[in-house]
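Biologist: I've got a model open on my screen and would like to learn how to read it. Could you walk me through it?

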Amino acid sequence: MKTLKELAPSERGEVHSVTGTGSISRRLAELGFIKGQPVQVVRLAPLGDPVQVRIRGFDLALRRQEAARVVIVQD
């Protein structure tokens with residue numbers, strides 16, 4: 001298992017869990033980061049932050065700190 005932060009552009013996986021507690025983890029779940037949901041890293045900013053991801057047909061930009069909370073399972 002990896003975190004979303006560790007995936008390279010164009011890599012895909014499924015959400016396994018969102019770690020931590022508090023408003024950021026809750027907000028990630030509200031955005032669709034729930035177990036079994038497919039997710040893909042679209043691209044990284046030149047300095048690596050933020051990370052653009054595609055989930056549920058939408059593109060989102062996450063800070064690397066937020067992306068580190070999302071645990072991913074790859075086939």
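**Reading the model**

Modeller: Buried means under 20% relative accessible area, exposed means over 50%, and partly exposed is in between (1.4 Å probe, protein chains only). Before we go on, this is a predicted model, where local features need pLDDT of at least 70 and side-chain atom pairs count only at pLDDT 80 or more, while totals for chains, interfaces and linings use all residues. Residues are numbered from 1 along each chain as its sequence is written, and side-chain values use heavy atoms, with hydrogens and water left out.

Biologist: Where does glutamine 37 lie, and what is it in contact with?

Modeller: Contact means heavy atoms within 4.5 Å. Leaving aside neighbours within four places in sequence, glutamine 37 is in contact with Gly13, Glu14, Val15, Gly32, Ile55 and Arg56. It lies in the loop between helix 1 and strand 3. Helices (H or I, at least four residues) and strands (E, at least two) are DSSP runs, numbered from the N terminus.

Biologist: How many helices and strands does the protein chain have?

Modeller: There are two helices and six strands, and from the N terminus on they run β-β-α-β-β-β-α-β. The radius of gyration is 11 Å, close to the 11 Å that the globule rule gives for 75 residues, so the chain is as compact as a globular protein of that length. That radius is taken over C-alpha atoms, and the rule is 2.2 Å times the number of residues to the power 0.38. Of the 75 residues, 33% count as buried.

Biologist: Which residues of the largest nonpolar core touch the most other members?

Modeller: The general idea is that in soluble globular proteins, nonpolar side chains tend to be buried together. A nonpolar core is a set of buried Ala, Val, Leu, Ile, Met, Phe, Trp, Tyr and Cys residues joined through side-chain atoms within 4.5 Å. Here the largest core has 15 residues, and Leu4, Val15, Phe33, Val39, Val53, Val70 and Ile72 touch the most other members. Strand 3 (38-44), strand 4 (51-55), strand 5 (58-62) and strand 6 (70-73) each supply at least two residues, and strand 4 gives the most, with three.

Biologist: What is the phi of serine 10, and is serine 10 buried or exposed?

Modeller: Most residues other than glycine have a negative phi. Serine 10 has a positive one, near 75°. It is exposed, with a relative accessible area of 53%, and its place is in the loop between strand 1 and strand 2. Arginine 56 also has a positive phi, about 55°, although it is not a glycine; its place is in the loop between strand 4 and strand 5.
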